[in-house]
Structures are given as structure tokens and as C-alpha cells.
Amino acid sequence: QNRAVLGHYVLDGQISQFSGYAACARHVTNPLLVPESDGAFAANSADAWIIEMGKQRPRRRPLREVFVSIFSPGHSLIDTAFSNFSVRVILEGLQSLASDVQEVAGPAVGTPSSPAIMRALIHLHTVRLARPDPCAVESLELLVRWHSICLGIATPTSMLCRKLCGFYGIQQQLYTENNTQVKNLDLRAWARSAGGLRALLHAIAIHDIVERLPLGRSHAIHLPAAIFSAAT
């Protein structure tokens with residue numbers, strides 16, 4: 001049940017990034033516990049399941065405590081023992097904060113700044129994503145999601161897509177047009193900006209990682225949006 005509900009948090013984050021609007025749930029106040037290891041769900045027999053469950057840590061923390069620690073310098077509850085699914089949920093929490101920042105387009109009570117969110121993402125990358133993982137494919141998928149969130153912070157893809165379609169007179173039905181930021185975006189100035197260069201680097205990284213993923217993994221929930229963002 002815990003894992004199923006967390007799956008809805010993941011889906012909420014995906015829809016939020018693709019639509020360009022804030023998430024439906026407040027991810028960083030999530031009281032649910034960090035999910036059990038992926039091995040328990042991959043077990044193909046009762047004995048294998050018992051062995052995996054015996055490896056679980058005695059105390060699993062609520063996700064809201066994990067989010068607090070990510071934003072606290074010198075203190076982290078993230079470690080390599082966290083399952084890949086746990087990291088996926090944490091990434092969506094950071095994505096939800098990025099969506100909040102884009103929606104308000106300025107400082108707001110209870111919402112960290114874009115630089116603070118980037119520092120949290122770098123913290124997560126250093127502690128968990130940059131370390132070798134025996135499940136190499138899973139690690140690559142998490143890296144794609146990490147880069148796509150960073151790309152969205154550097155340049156919101158939904159806004160850029162709307163601006164490009166308007167600039168070239170192309171009709172599109174992916175995004176709504178009610179975003180004032182689109183009107184203020186100068187494409188030529190953006191292409192020479194630091195945010196534009198960061199977005200390009202993250203897009204290149206996504207392209208490189210996706211080429212290394214097996215074709216059979218192309219069904220991952222976050223890959224289509226990431227590839228579309230990179231292409232944009």
C-alpha cells in the first residue's frame with residue numbers, strides 16, 4: 001500500500017513537469033515511510049522474500065524527514081541503502097518544488113529558491129547517484145530523471161516549447177497559452193544566457209544516457225518527457 005501511494009506521488013511529479021504547473025500534492029510534507037528495498041518486490045519465491053525482508057533497517061524514516069535533511073548542509077539521511085524507488089520518489093519531491101518556483105515566478109513563503117533546489121539536487125547526486133550501483137540500468141534511469149529536473153530549472157521546457165511554436169507559427173495542443181513568462185522570453189537572448197547553456201548541457205547528457213539504455217527499458221514513466229525536453 002505504501003509503495004502504491006508513493007507511485008501516485010511519482011505520477012503527480014511527472015504530470016507537473018510536463019504541464020508546467022505546480023504538483024497536486026505537497027510532496028515535501030509526505031508523511032509516508034521510505035519504501036522497503038526493491039529486492040523484496042523482485043523476489044520470485046517466499047524464501048527469497050523472507051531473506052530480503054530480513055535485511056531491512058529497523059527504523060524507516062518518513063519522507064518529510066528525508067527532504068528536510070537534503071536541504072540541511074552537513075546532515076543527510078540519504079545513503080546508498082536507499083532503494084532506487086526511494087530515490088525516484090525523492091526526485092519527484094524536488095521536482096514539485098521546482099514547479100512551485102516556476103508557477104509563482106518569484107519568492108514565496110515556504111518555497112525554496114531555485115539555487116537552493118539545485119544545491120539539494122547536487123547533494124542527492126553526490127551522496128547517492130554518483131556512486132556505483134549494481135543495477136546499472138536503474139542508475140541510468142535515475143540520472144535521466146535528475147538531468148531532466150535540472151534542465152527544467154535552467155529553462156522550463158513547457159515555456160520554451162510554447163515560445164518556439166509561437167515564434168515559428170506552429171500550432172500546438174500540448175500546452176496552454178496562459179503563461180506570462182512566455183511573452184517575456186527573448187529566444188536570442190536566452191540562447192546566450194547561462195540558463196540556456198545549462199539546459200543545453202543537461203539535454204546533451206540526457207541524449208547520451210538514453211543511447212546507453214536498452215530498448216526494453218523505453219517504457220519507463222519519465223523517459224518520454226525527458227527525451228521531449230532534451231529535443232526541445
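## Close-up views of a predicted all-helix model

**View 1. One side of helix α4 faces inward.** In helix α4 (residues 63-70), the buried residues are Leu-63, Val-66, Phe-67, Ser-69 and Ile-70. They sit on the same side of α4, because the arc they cover around the axis is only 160°; that arc is taken from the directions from the helix axis to the C-beta atoms. An α-helix has 3.6 residues a turn, so residues three or four places apart point the same way. The cover over the buried residues of α4 includes α1, α5 and α6 (114-129). Here, buried means under 20% relative accessible area, exposed means over 50%, and partly exposed lies in between (1.4 Å probe, protein chains only). Helices are DSSP runs of H or I with at least four residues, strands are runs of E with at least two, and both are numbered from the N terminus.

A word on the model: it is predicted, so local features need pLDDT of at least 70 and side-chain atom pairs count only at pLDDT 80 or more, while totals for chains, interfaces and linings use all residues. Residues are numbered from 1 along each chain as its sequence is written, and side-chain values use heavy atoms, with hydrogens and water left out.

**View 2. The whole chain, for orientation.** The protein chain has twelve helices and zero strands. Of its 232 residues, 44% count as buried. Among contacts between residues at least 6 apart in sequence, 73% join residues at least 24 apart; a contact means heavy atoms within 4.5 Å. The chain exposes about 12,500 Å², and carbon and sulfur atoms supply 61% of that area, as computed by the Shrake-Rupley method with a 1.4 Å probe, where for residues only the protein chains shown count as cover.

**View 3. Arg-26 meets Asp-100.** These two residues form a salt bridge, with their closest N and O atoms 3.1 Å apart. Arg-26 lies in the loop between α1 and α2 (38-42) and Asp-100 in helix α5 (residues 84-104), so the pair ties together parts that are 74 residues apart in sequence. Arg-26 is partly exposed, at 36% relative accessible area, whereas Asp-100 is buried, at 16%. A salt bridge is a side-chain nitrogen of Lys or Arg within 4 Å of a carboxyl oxygen of Asp or Glu, and the whole structure holds seven of them.

View 4. Glu-92 and Arg-145 join through their side chains at 2.7 Å, N to O, in a salt bridge. Glu-92 belongs to helix α5 and Arg-145 to helix α7, so this pair ties together parts 53 residues apart in sequence. Both Glu-92 and Arg-145 are buried. Salt bridges with shared partners also join Arg-88, Glu-138 and Glu-141 into one network. Within it, Arg-88 and Glu-141 meet at 3.5 Å, N to O, and this pair links helix α5 to helix α7 (residues 136-154).

View 5. Of the 19 residues of α7, 15 are buried. Leaving aside residues up to four places away in sequence, Thr-155 touches Leu-160, Trp-190, Gly-195, Gly-196 and Ala-199.
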